[in-house]
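This briefing goes with the sequence and model shown below. It covers the disulfide, the overall fold, the core and the surface, in that order.

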Amino acid sequence: MWIPVITVLWSLGNTSAFVNFPMVNFPFTTEEKCYQYVNQVRNSIMKDPQYLEGYSVCVEIPLKGETT
């Protein structure tokens, strides 16, 4: 199972803040599908004028009894 994790640095008035989005409710069965989703979200977020920078990754979470 693959979980997307997206971290975004937002401009909030005179300050900025990192926001982390581990998206455990959106598990994917393959790494490729996870990164397709991450790229779609990243392209959308980058259009926001408050976006400063970000980082995203897909993390593999083994299912019970599964080895990595």
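Which cysteine does the disulfide join to cysteine 34? The partner is cysteine 58, at an S to S distance of 2.2 Å. The model is a predicted one. Its chain has 68 residues, of which 25% count as buried.

**Disulfide**

- The structure holds one disulfide, the one between cysteine 34 and cysteine 58.
- Cysteine 34 sits in helix H1 (residues 31–45) and cysteine 58 in strand E3 (residues 51–60), so the bond ties together parts that are 24 residues apart in sequence.
- The disulfide is left-handed, because the torsion about the S-S bond of cysteine 34 and cysteine 58 is about -100 degrees.
- Cysteine 34 has a relative accessibility of 0% and therefore counts as buried.
- Cysteine 58, at 7% relative accessibility, also counts as buried, since the cut-off is under 20% relative accessible area.

**Fold and dimensions**

- The C-alpha trace spans about 50 × 20 × 15 Å along its principal axes.

**Nonpolar core**

- The largest nonpolar core has 12 residues.
- Its members are Trp2, Ile6, Val8, Trp10, Met23, Phe28, Cys34, Tyr37, Val38, Val41, Ile45 and Cys58.
- Strand E1 (2–12) and H1 each supply at least two residues of this core.
- Helix H1 gives the most to the core, with five residues.

**Nonpolar surface patch**

- Which residues form a nonpolar patch on the surface? They are Met1, Val59, Ile61 and Leu63.
- Together these four residues have about 280 Å² of accessible area.
- Leucine 63, one of the patch residues, lies in the segment after E3.
- Leucine 63 has a relative accessible area of 45% and so is partly exposed, a class that lies between the buried limit of 20% and the exposed limit of 50%.

How values were computed
Residues are numbered from 1 along each chain as its sequence is written. This is a predicted model: local features need pLDDT of at least 70, side-chain atom pairs count only at pLDDT 80 or more; totals for chains, interfaces and linings use all residues. Side-chain values use heavy atoms; hydrogens and water are left out. A disulfide is a pair of cysteine sulfur atoms within 2.5 Å. Helices (H or I, at least four residues) and strands (E, at least two) are DSSP runs, numbered from the N terminus. Buried means under 20% relative accessible area, exposed over 50%, partly exposed in between (1.4 Å probe, protein chains only). Patches are made of residues with over 30% relative accessible area and no salt bridge: like charges are joined within 9 Å, nonpolar side chains (Val, Leu, Ile, Met, Phe, Trp, Tyr) within 5 Å. Accessible areas come from the Shrake-Rupley method with a 1.4 Å probe; for residues, only the protein chains shown count as cover. A salt bridge is a side-chain nitrogen of Lys or Arg within 4 Å of a carboxyl oxygen of Asp or Glu. A nonpolar core is a set of buried Ala, Val, Leu, Ile, Met, Phe, Trp, Tyr and Cys residues joined through side-chain atoms within 4.5 Å.
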